[in-house]
Amino acid sequence: MAGQGNAGSIQRIANVHLMDQAGIWDIHLHGGRISAIVPAAAAAQPPDQMVHGEGAAVLDGQHGLALPALVEAHVHLDTALSAASGAHNRTGTLFEGIASWAAYKQGMSVADCRRRAEKVLGWYLARGVQHVRSHVDTTTPGLVGLQALLEIRHAWQDTITLQLVAFPQDGLLAQPEARGQLEQALAWGADVVGAIPHVERCFEDGVASVRLAFDLAERHGALVDIHCDEIDDPGSRYLEVVAAETRKRGMAGRVTASHAVAMHLYPAAYAERLMAQLAESGVAVVANPLANLNLQGRFAGYPKPRGMTRVRELLAHGVPVAFGHDDLMDPWYPLGTAEMWDVVATGLLAAHMTTPEEIAAGIHRITSDAARALHLPDYGLATGRPAHLIVVDAHDVFEAIRRRAVVRYGLHGGRLVSWAEPPSWMVQLPGVGQAAVDFRLSS
Ligand code: FE2
């Protein structure tokens, strides 16, 4: 699209595919919401007559796929890009990651954290992500990271929905000041209470830290997101505590367990019982395939643990499962450009979910199930919902994932907030000469 200065409201997106319905559709927008989704009127208004450029009120979707804006269910924006500033991890373990970050955060400023986090948020926006849950380390001196993220949440409020988790990286009970820091974070406006029971000093403290997180969430009307059993230890069994507390307190739909990688080491009978408990209690699970394929198995010989929770089995039990990055260029994961298709494709490979149907269903890990994990109201591409949506360069979800489809347009509240053109590739073919490469199966 021309007119990159165009940030006005859009009245209609013409000529798009939808995820669950055949045909070509037009999406009408009014007052920041989706007002109608109707069969395309392309015959009456051919694409070459669509309005482009400054002030365009109609976008030509060019037969791309319209989706609700993507959801990043788990990232640490305060640690993102710190590897580019020296926070490395030579062993690749979770524990060296925590130690490396502990050294980095001692000298971190609000400005440094804000610069790194906003750079990554720009990447997310370009990738079609408009809902982000970021954990923020409350054991950072002066709550510097939280100060930066609170500023960002306010500055970006019309562009990205940003939820902040008060996350005690070094433990909620392991250090005497950690509880006060977390309560300060909630008083300042954190949306979600976190905990990390597997780094507390003993099993009982781990259980107590989970219960304290729930207590604080109830007191502040906050959600809960526990870093739960992120360790290659079949004896790490805090998920059952999370499930039990959720049920006892009637908090179904408001609680998320992140990582849960120890689950792949549990005996089958125990895992089966646990997954039924999670489903019954209404807990969502977030897997982070990129980071956990990196971190897990570092202490193992062969065969090495796969490093991800039981995605297929959790879904079969009716537990919502989301996929997130966890980390981008920090001591726990050294790569990343906020590309959600990479997260989905890697997670599906690690979960052995590779039939065409399973690959296409992978979209729910970064859309509907991720929205459930974040307790987002009004999420989805449907009449009456907020016009937070994207158009990607693919006809269907399978192709979007396979080709890491470019997000052509992103709209938030009906305003254009991102746009891009698909790249093109030229090759010199034997016997043919110069030719354009088309990675699509059909044009
Ligand atoms: Fe995390």
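**Close-up views of a predicted model**

At a relative accessibility of 3%, D326 counts as buried (buried is under 20% relative accessible area, exposed is over 50% and partly exposed lies in between, with a 1.4 Å probe and protein chains only). The model is predicted, so local features need pLDDT of at least 70 and side-chain atom pairs count only at pLDDT 80 or more, whereas totals for chains, interfaces and linings use all residues. Residues are numbered from 1 along each chain as its sequence is written, and side-chain values use heavy atoms, with hydrogens and water left out.

**View A. The iron ion and its protein donors H74, H76, H227 and D326.**
The donor atoms are NE2 of H74, H76 and H227 together with OD of D326, and they lie 2.2 Å from the iron ion. Donors are N, O and S atoms within 2.8 Å of the metal (3.2 Å for Na, K and Ca); water is not among the atoms, so sites may look incomplete. The angles among the 4 donor atoms run from 86 to 177°, and the site is irregular. Four donors count as tetrahedral if all angles lie between 85 and 135 degrees; four count as square planar and six as octahedral if opposite donors are over 155 degrees apart and all others between 65 and 115; anything else is irregular. Along the sequence, the donor residues follow the spacing H-x1-H-x150-H-x98-D. H227 in strand β9 (residues 223-228) and D326 in the loop between β12 (321-323) and α10 (340-350) are 99 residues apart, and this pair links distant parts of the chain. Helices (H or I, at least four residues) and strands (E, at least two) are DSSP runs, numbered from the N terminus. H227 is buried, at 2% relative accessible area.

**View B. Salt bridges of E183 with R179 and R219.**
A salt bridge is a side-chain nitrogen of Lys or Arg within 4 Å of a carboxyl oxygen of Asp or Glu. R179 pairs with E183 at 3.3 Å, N to O. These two residues are about one helical turn apart because they sit 4 residues from each other in helix α4 (residues 178-188). Both are partly exposed, R179 at 34% and E183 at 26% relative accessibility. The side chain of R219 also meets E183, at 3.7 Å, N to O. R219 belongs to helix α5 and E183 to helix α4, so this pair ties together parts 36 residues apart in sequence. R219 is exposed, at 55% relative accessibility.

**View C. The salt bridge between R249 and E245.**
The N to O distance in this pair is 2.9 Å. R249 is partly exposed, at 21% relative accessible area, whereas E245 is buried at 4%. Through shared partners, salt bridges join R211, D215, E218, E245, K248 and R249 into one network. The whole structure holds 27 salt bridges.

**View D. G206 in helix α5.**
Helix α5 spans residues 203-220. G206 is buried, with 0% relative accessible area. Leaving out residues up to four places away in sequence, G206 touches P197, E200 and Y238 (contact means heavy atoms within 4.5 Å).

**View E. A nonpolar surface patch made by V427, L429 and V432.**
The patch covers about 230 Å². Patches consist of residues with over 30% relative accessible area and no salt bridge; like charges are joined within 9 Å and nonpolar side chains (Val, Leu, Ile, Met, Phe, Trp, Tyr) within 5 Å. Accessible areas come from the Shrake-Rupley method with a 1.4 Å probe; for residues, only the protein chains shown count as cover. V427 lies in strand β16 (residues 425-429) and is partly exposed, at 30% relative accessible area.
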